[in-house]
Amino acid sequence: MALVASCLLSLSFVLPAMAAGGPVCADGASPSPTMFAPRSIPAQKILDVSWFVWGICGLIFLVMAVLILWCIIKYRQDPDDDTEAPQVYGSNPIELAWTIIPTVIVFILFLVSARTIFEIDHTSPPPGSLEITVVGHQWWWEFDYPEQGFVTANELHVPLTRDGKSVPIYLTLESNDVIHSFWVPQLAGKTDVVPNRLNHLWLQPTMTGTYVGQCAEYCGTQHANMLITVVVHEEDDFHEWVTNQRMDAVDDAGVTEGRNLFLQTSCINCHRVRGTIANGTFAPDLTHLMSRSVIGAGVVANTPENLSTWVFDPQMIKPGCRMPSMKLSPEEVKEVVSYLLTLK
Amino acid sequence: MTTLQQPGHGNGSGYLRAPFLSRLHEWIATADHKKLGVMYVSTGLIFFLIGGLEATMMRWQLAVPGNTVLSPEDFNRLFTMHGTTMVFLVGMPILLGVANYFVPLQIGARDLAFPRLNAFGFWLFLFGGLLLYFSYFGAQGLYGMGSAPDVGWFAYAPLTERTYSRGHSTDYWILGLLVSSFGSIATGINLITTILTMRCRGMTLMKMPLLVWLMLIDAILIMIAMPPLAAAQVMLLFDRLMGAHFFDPQGGGSAVLWQNLFWFFGHPEVYILILPAFAYVSEIIPVFCRKVIFGYPLMVAATVSIGFISLGVWVHHMFALGLSPMVNTIFMGSTFLIAIPTGIKMFNWVGTMFGGKIRFATPMLFSTGFLAMFLIGGLTGVMLATVPFDWQVSDSYFVVGHFHYVLFGGLVFAIFAAIYYWFPKVTGRMLSESLGKCQFWLLFIGFNLTFGPMHVSGMLGMPRRIYTYHADRGWELWNMLSSIGVLIQIAGVLFFIWNVIRSLRSGRKAGADPWDAWTLEWSTTSPPPEYNFEEEPVVHSRRPLWDKKHPEDPDWKYE
């Protein structure tokens, strides 16, 4: 029994360790939002201090586990022996030792972690940052680029560098309704997105790539599908993306019917398409819908088929989401989608 | 003496039992601490099965990515009800029930100080729980079939405001818990009064068994921590029913205020739940190691300091809320601080085992399991106290793994240890050792398989409370393992149910003192008579029965 116990004890220790070993080798394009593959300065700092904490806790675990196992194996009662064990009521020096040693350990942990807290937690933007406002909605993300003058949704695009130098990204987090939490583990720890409160989060990417994350505070029915994609670009690609985003929606003569249908239904109460009368702010900005790789805050890929299903009835894809079915006929769906497909 | 006309006196009087209605009346109208204790624990165990069923359905849904067994709404209700049930309708009643039964017995008293208040507390708890579950049928009223609350067990505002939570499910959540927490407060007051005023002759505070000490601190924490929750819930009720704006940001209220109030209750609550676990193993480990508890005064000091410090750590649930770095640092410090007395307790338990003659009967098996599991839960707790790491894994599956190691591996294992230890005292019959060992190993393996991998999925970025997830995130394996673990745990629980049923009918007769133990409850018959002791006991040490069994070497010489 003792042997089985020891196996199980070590198993419960080895499992986290395997996790630590496994995903480290993942490259920048890893779809897994693991904290073990940091691609940003704050995430790296967190991982560094975490290794330190894991090391200390692991050591304590080993010492205690060995002690417990030792007692289990060594001090098992001999079935024939019915005498009492020698009674030891306590020992001041020993008890003093196991009061002082843990105190010293947590003091060290405290100092090391406190330093990291103050390194990461910026209450004002670091010099030269790119400032972006993130607004949490049930159940999607709005990204507002005040410097560049446009609003987009669900996919955050940031540059790796500005003028050739690494650029801090300073997010201001706001909520439109309930509490959400912005969490992209490879870039930074999470910060809650609280109504009537401005929170801030510092990212500083160290590698281009696409990183995923999601809302980490339960926010209602579709909390699970409030996903985040962050794309870190080379400087030039970022400028290209910005230039495109700043343009108004294209006016493609080939899809006039679809556009009219879109503009005549209540789509425009919630959605905005810049350059048209669609001016809603309750739902994602669709001006450059087709520049995004996902729809429904990441619930499915942004393909024409998925888009058709979504426009027909979003509840089939994301049950409980705030967008109702517009009761369009299949023909009408086709036309609206063909219009949406031009919003590049 | 037992007579057949007084049916309450005897499980032993098998032939000629009183009619069913009389027996039912006896239980319903009782103010006897032992009957109430049994009712608390058995109701708690029934809710444990319900809460476990809810967890099973969630693990079924999460076994594979993109599963559609449950709708998002159903899943959200399940985790809300699972959390609420396990904390308020399983943990609380079982710990109050065990305290009800054994605090008076261990201090040589006839009953609790206020027996009727005690009965009142139980019925408040029961009806609070039933009110909460009635929401499954009644919450939506005319609008359709019922729906349970779906706001999470900590019910963060403003999701609980009328704007976002329509219907009455959240009102049921508030009222159900309000009612049952009033019961807990009443029982807390009762326990404090009993312990302070009704100890038998010779039992000074420093001669109380550790269980009594721990329940004293526990009851004080209940008295301090429950009222803020009740206040917050009343405020929320005002918001919802009368248009107040305490927690409604749109009306100038504060979402952060709810979190402060809730966690000012919520963190001491965690200690309210775990101190009784400490209490049970502090009683069981010495008896099965045949050694006195190591360092009793330090154990008491550690208990008291845990009680104090636990009132000043609540912000560690809010590290990701965007509070100032200074606030986060201060509460990180206080949280680290609580690891010290908790560590002392671990060391003292191991110190008690060291040099003992350990009998691995089922209670000891579960207590050892508790030590190992609580060790892991405690250490992941230290990790979570580290603010930067917490920014990554707060509200992720890592946290789910952590608190299940504390509350399942810790509290529930200790509860099973307590049940195996005291079942003979309560019923007069032993539980089967072989079934008990099967149960332990199945639960131990299943538990680790379920909750170990959760730490991993959390660090791989999986947030808690999601009803589904995408296949490409690297979480499939860990979730599948967790779900398989649940099946093994179910088998373990089935062994337990079978063991209880079988042993109640035909278990071996226990006698007064089957474990050769040392505290006062073992000096009276099993089950104890209504008056507990024929004459008021007089004690000279912390282990009165040790003194009696070893007159040549009594404890009081060394204390």
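This is a predicted model: local features need pLDDT of at least 70, side-chain atom pairs count only at pLDDT 80 or more; totals for chains, interfaces and linings use all residues.

Here are my entries, starting with the sheet and moving on to the interface.

I looked up the strand order in chain A and found an open sheet of three strands, β4-β12-β11, with mixed pairing. I then asked why one side of β4 and of β11 is left without a neighbour in the sheet. From one strand to the next, I noted an average twist of 20 degrees.

Entry two, a pair of strands. I followed β4(A) to β12 of chain A, residues 227–233, and found the two running parallel, joined by five bridges. Within this pair, I noted A:Glu155 opposite A:Thr229 of β12(A).

Entry three, the helix. I checked what lies across β4 and β12 of chain A, and it is helix α4 of chain A, residues 235–246. This helix runs at about 130 degrees to β4(A).

I looked up how many residues of chain B are in contact with chain A: 83, meeting 83 residues of chain A. Several helices of chain B each supply at least two residues of that side, among them α3 (72–106), α7 (255–289) and α13 (433–459). The largest share comes from α9(B), with 15 residues. Sorting the side of chain B that touches chain A by class, I got 51 nonpolar, 23 polar and nine charged residues.

Notes
Residues are numbered from 1 along each chain as its sequence is written. Chains are lettered from A and ligands numbered from 1 in the order in which they are written. Two strands pair if DSSP finds at least two bridges between them. Helices (H or I, at least four residues) and strands (E, at least two) are DSSP runs, numbered from the N terminus. Axes are lines fitted to C-alpha atoms, for helices over the stretch in contact, and angles run from 0 to 180 degrees between N-to-C directions. Two residues are in contact if their C-beta atoms, placed from the backbone, lie within 7 Å. Ala, Val, Leu, Ile, Met, Phe, Trp, Tyr, Cys and Pro count as nonpolar, Asp, Glu, Lys and Arg as charged, and the others, Gly among them, as polar.
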